[in-house]
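Here are some notes to read alongside the model, written for someone opening it for the first time. Have the sequence and the structure to hand as you go.

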Amino acid sequence: MIGLVVVSHSEKAAEGICDIAAQMGGGSARIEAAGGDGEGEIGTNANRIVDAIETADDGDGVVVLVDLGSAVMNTELAFEMTDVEAVIADAPVLEGTLNAAVESTSSKATLDSVVDSAEDARDYHKLND
Amino acid sequence: MADESVQREALIAAIENVAARIEAEKSTLTDLDSAIGDADHGNNMHRGFEAVVEKVDEFEEMSPADIVKTVGTTIIGNVGGASGPLYGGSLMSASQELEDGITAETSIAFAEAYLEKVKDRGDAHLGAKTMVDALTPAVHTYKKSIEHDDLPPLTAFAKAVDAAERGVEFTVPIRAAKGRASFLGWRSVGHQDPGATSTLFIMQEILKTAEEYLDGETDAEAVAESVPDEDPEEAK
């Protein structure tokens, strides 16, 4: 199964998004939170992201959802520090994680299909016109 | 080139001087960052270099390249903001240019690799109000001073520091296009970039240390080129 990692500046935000997404896909998605700077402060940390990627991976690869700024940079750096095949989905972090959680539990899911479904969340509207 | 033990000693002295300077400037960096960012730059940099200084005993057994690489990995592990991947990741990556020791040639290669990595990682171009605005003129001036003007590396580095200083000044009147400051839009104009500022502080300490180890034969008045030597009209 494709693993998922949520990287946010806030430890609480990352865990909360994982909690919401874990309800999807029959509750079987492999999803890890990597929030905060590792010292209880707001920030992101490459070592923490590496650990989450390696925990989420079962050999099929990992899709990472990020919030902003250093979350992207530290995730790219984490990719250089691990052998796990992992990619960033360019998607809104909450909605993208929900979509990815659903797709990742499909028997036909691939790294590309999970990224695509996460990125489909960019078109979400919350109110009807 | 100085032998490896002298290089190691100078490198460790530079690291300690940088750490002391970052500690002394902690509130300056945080104040700059609170104006246009997330107010963590001083604390983050201090925490990173504090962790680096704790490793000085290990450095005594390492090559210069491995010391720089370890500084990078330590910063990655201890600095929470964008400075972690930008400073730490770029040092880690550029350190391989120093595998044959620190010479005029390898230091240019290191500086260029470091600048490229910062630009690549941060997806930042010149004029985006980031550390790239201090680094680019510094690296270009250093390389040109050695390769074209045949100046000694110490003089070239003094010119590079001057170039970085003017790069920092350049960040004040421009609008941020990268980083947290870009969320402020036009309100970022008039503020000095914290990352460019810490880059300058680090370079100033490296220069100070290099002067001690290379007998201080530098031109204290060294300035980077700013205006053409000749009137373009007369030169025709």
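1. Start with a pair in chain A: A:Asp90 and A:Arg122 form a salt bridge, with their closest N and O atoms 3.5 Å apart. (A salt bridge here is a side-chain nitrogen of Lys or Arg within 4 Å of a carboxyl oxygen of Asp or Glu.) A:Asp90 sits in the loop between strand 4 (86–89) and helix 4 (93–104) of chain A, and A:Arg122 in the segment after helix 5 (111–120) of chain A, so the pair ties together parts that are 32 residues apart in sequence. Over all chains, the rule gives 18 salt bridges.

2. A word on ground rules. This is a predicted model, where local features need pLDDT of at least 70 and side-chain atom pairs count only at pLDDT 80 or more, while totals for chains, interfaces and linings use all residues. Residues are numbered from 1 along each chain as its sequence is written, chains are lettered from A and ligands numbered from 1 in the order in which they are written, and side-chain values use heavy atoms, leaving out hydrogens and water. Helices (H or I, at least four residues) and strands (E, at least two) are DSSP runs, numbered from the N terminus.

3. Next, have a look at A:Asp57, in the loop between helix 2 (46–56) and strand 3 (62–66) of chain A. Its side chain reaches the backbone nitrogen of A:Gly61 at 2.9 Å. Leaving aside residues up to four places away in sequence, A:Asp57 touches A:Arg30, A:Val62 and A:Val84 (contact means heavy atoms within 4.5 Å). A:Ile2 is 55 residues from A:Asp57 in sequence, yet their C-alpha atoms are 7.0 Å apart.

4. Now to where the chains meet. Chain B and chain A each put 17 residues into the contact. Together they bury about 1300 Å², 54% of it on carbon and sulfur atoms; buried area is the accessible area (1.4 Å probe) that two parts lose on being put together, summed over both.

5. What holds charges together across this interface? The rule finds three salt bridges between chain B and chain A. In one salt bridge, the side chains of B:Arg121 and A:Glu80 come to 3.1 Å, N to O. On the chain B side, helix 5, helix 6 and helix 7 of chain B each give two or more residues, and helix 6 has the largest share, with four residues.

6. Which residues lie nearest the centre of the largest pocket? They are B:Leu11, B:Ile102, B:Ser107, B:Phe157 and B:Ile206, out of 39 lining residues. The space in this pocket is about 1200 Å³. (A pocket is an open set of points on a 1 Å grid over the protein atoms alone, where a 1.4 Å probe fits, with protein on both sides within 12 Å along at least five of seven lines; lining residues have an atom within 4 Å of a point.) Its lining has 34 nonpolar, five polar and no charged residues.

7. The second largest pocket holds about 810 Å³ of space. Of its 37 lining residues, the closest to the centre are A:Met73, B:Ala82, B:Lys178, B:Gly179 and B:Arg180. By class, this lining has 13 nonpolar, 13 polar and eleven charged residues.

How values were computed. Grid points are joined across faces, edges and corners, and a volume is the space filled by probe spheres set on the points. Ala, Val, Leu, Ile, Met, Phe, Trp, Tyr, Cys and Pro count as nonpolar, Asp, Glu, Lys and Arg as charged, and the others, Gly among them, as polar. A polar contact is a pair of N or O atoms within 3.5 Å; within protein, one must be able to donate a hydrogen and the other to accept it, and residues adjacent in sequence count only if both atoms are side-chain atoms.
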